[in-house]
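Here is a short report on one protein chain. Keep the sequence and the 3D view side by side as you read.

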Amino acid sequence: MGGPDPLTDEEPPPGEAVRAAGELRALISAELLDRESAPLVAAEEALERYEAGERSALDEVDASALVALLGAEGRERLDRLDEADHGLTPRELRRLGEVALAEVEASPSVRGGGHRGGPGNAGESTGASVRHDGLDRPLDPVATMRAAMVRRASAGDLTAADDVPLRSDDLRYAETEPTGAATVCLLVDLSHSMAARGLHEAATRTALALHTLVRTRRPEDRMLVIGFGDRAREMTPAELVEHDWRRVPGTNLQHALHLARAHLRRHRGTRPVILVVTDGEPTAHLGEDGDTRFAWPPTPRTVEATMAELDAALAESAESTFFLLADDPRLRAFRELLERRRGVRVVDADADALGALVVGRYLHGRD
């Protein structure tokens, strides 16, 4: 009871993951009352098997299809399930993100920008006032004084000598409409060389910091993490934290860019942003049959396929920045190809500076 299944050699899902699966399945069941959908039916059946202890059944759930059919609520419940299945509670994950963001914000390059909330927050006033929320907003002096008076009145004595006329929690700021919402795709190299060079922890912390920043201070923005090794896949922050960086050959940037373009197209009307973190040139691409083509040294076809995806992203107005974590002859040659593309930025980085550089580029992307 409670141990691995001898037939599958799988650990049963954690209790919180089972609860999260049940909540997602309930949402799917409610949607199926209104319309029939093959992806929803398949997901419901897979989740039932997952709740029964077949952990691998979760791999059969088409996350992209669920998000397209269920919207934001489906994405939220799916993310909760993914995080729970990987053994991290939402609270633990939030704490990791908060610590990572605090480390990044301690960097002079981010602190000096004086722009904790990111660009584009000072839009048209809504007429309302809000407490401090981390965004750059103008102080509302009238609302601030009103809040102070209400607080002092509630104490029952406006003339008390020891009462503080104004406290930090009295401050109110003018609420403004968000402008220039962005959809950000962070592409993280999962190749073994990232671990061999001691770069994988920096890449993970960077992703956590950026995800926390977007979630807590730029809720109008959308962020997606895409990991790429021999193939690319969409990942939750929890999945990136739990990634074991196995020795998998291939740096399939072409597939990662393809997934990023698909995600950006699902959010048309927002500012498309692609941020790539890698320590090597592309060495793999997908063939027409969908299988991985890997070669070392990389073949001209891999480079051509990768640059074709990048050019397509640029044609769709995606702001693209590459953070290169190494300096060797082959990567320098790839860098030269990148720098020939109008609209591409290339940034030299190391493990210590990566987080600040990526977050800084996100915050000041409109400059």
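## Overview

This is a predicted model. The protein has 367 residues, and 45% of them count as buried. Its secondary structure comes to 13 helices and 10 strands.

How far apart in sequence are the residues that touch? Take the contacts between residues at least 6 apart in sequence. Of these, 74% join residues at least 24 apart.

## The six-stranded sheet

Start with the open sheet. It holds 6 strands, in the order β5-β4-β3-β6-β9-β10. The pairing is mixed. Which strands stand at the edges? They are β5 and β10 (344–348). Each has a single partner strand, so one side of each is left without a neighbour in the sheet. Neighbouring strands are turned by 20 degrees against each other on average, with direction ignored.

Strands β4 and β5 (residues 232–235) pair in the antiparallel sense, over 4 bridges. Together β4 and β5 form a hairpin, with 3 residues between them. Here Phe228 has Ala232 of β5 as its bridge partner. Phe228 of β4 also stands opposite Asp189.

## Strand β3 and its neighbours

Strand β3 has parallel pairings with two strands. One is with β4, over 7 bridges. The other is with β6, also in the parallel sense and over 7 bridges. Cys185 shows both sides. It stands opposite Leu224 in β4, and its bridge partner in β6 is Ile274. Leu186 stands opposite Leu275 in β6.

Is β3 enclosed or open? Of its 8 residues, 8 are buried, so β3 is largely enclosed by the rest of the structure. In a regular strand the side chains alternate between the two faces of the sheet. Look for that pattern in β3. On one side are Ala182, Val184, Leu186 and Val188. On the other are Thr183, Cys185, Leu187 and Asp189. Both faces are covered, and all of these residues are buried.

## The nonpolar cores

In soluble globular proteins, nonpolar side chains tend to be buried together. The largest nonpolar core here has 36 residues. Leu186, Val188, Leu210, Leu275, Val277, Leu354 and Val358 touch the most other members. Several elements give two or more residues to this core: α4 (90–105), β3 (182–189), α8 (200–217), β4 (222–228), α9 (237–242), β6 (271–278) and α13 (354–363). Helix α8 gives the most, with 8 residues.

What does Leu186 touch? Leave out residues up to four places away in sequence. Its contacts are then Ala207, Leu210, Met223, Leu224, Val225, Ile226, Leu275, Val277 and Val358. Another core, of 27 residues, lies apart from the largest one. Among its members are Ala260, Ala313, Phe334 and Leu338.

## Helices α11 and α12

Helix α11 (residues 300–315) packs against helix α12 (residues 329–339). The angle is about 30 degrees, and the axes are 11 Å apart. The crossing is right-handed.

Which residues meet here? Val303, Met307 and Leu310 come from α11, and Phe334, Leu337 and Leu338 come from α12. The contact holds 6 nonpolar residues, no polar ones and no charged ones. Helix α11 also lies across the strands β6, β9 (319–324) and β10. It runs at about 140 degrees to β9.

## Two backbone details

Most residues other than glycine have a negative phi, and most peptide bonds are trans. Two places depart from this.

The peptide bond from Trp296 to Pro297 is cis, with omega near 0 degrees. Pro297 sits in the loop between β8 (292–294) and α11.

The other place is Ser317. Its phi is positive, about 70 degrees, although Ser317 is not a glycine. Ser317 lies in the loop between α11 and β9. Is Ser317 buried or exposed? Its relative accessibility is 53%, so Ser317 counts as exposed; the cut-off for exposed is over 50%.

Terms used: Residues are numbered from 1 along each chain as its sequence is written. This is a predicted model: local features need pLDDT of at least 70, side-chain atom pairs count only at pLDDT 80 or more; totals for chains, interfaces and linings use all residues. Side-chain values use heavy atoms; hydrogens and water are left out. A nonpolar core is a set of buried Ala, Val, Leu, Ile, Met, Phe, Trp, Tyr and Cys residues joined through side-chain atoms within 4.5 Å. Buried means under 20% relative accessible area, exposed over 50%, partly exposed in between (1.4 Å probe, protein chains only). Contact means heavy atoms within 4.5 Å. Axes are lines fitted to C-alpha atoms, for helices over the stretch in contact, and angles run from 0 to 180 degrees between N-to-C directions. A crossing is left-handed if the near helix is turned anticlockwise from the far one by less than a right angle, and right-handed if clockwise. Ala, Val, Leu, Ile, Met, Phe, Trp, Tyr, Cys and Pro count as nonpolar, Asp, Glu, Lys and Arg as charged, and the others, Gly among them, as polar. Two strands pair if DSSP finds at least two bridges between them.
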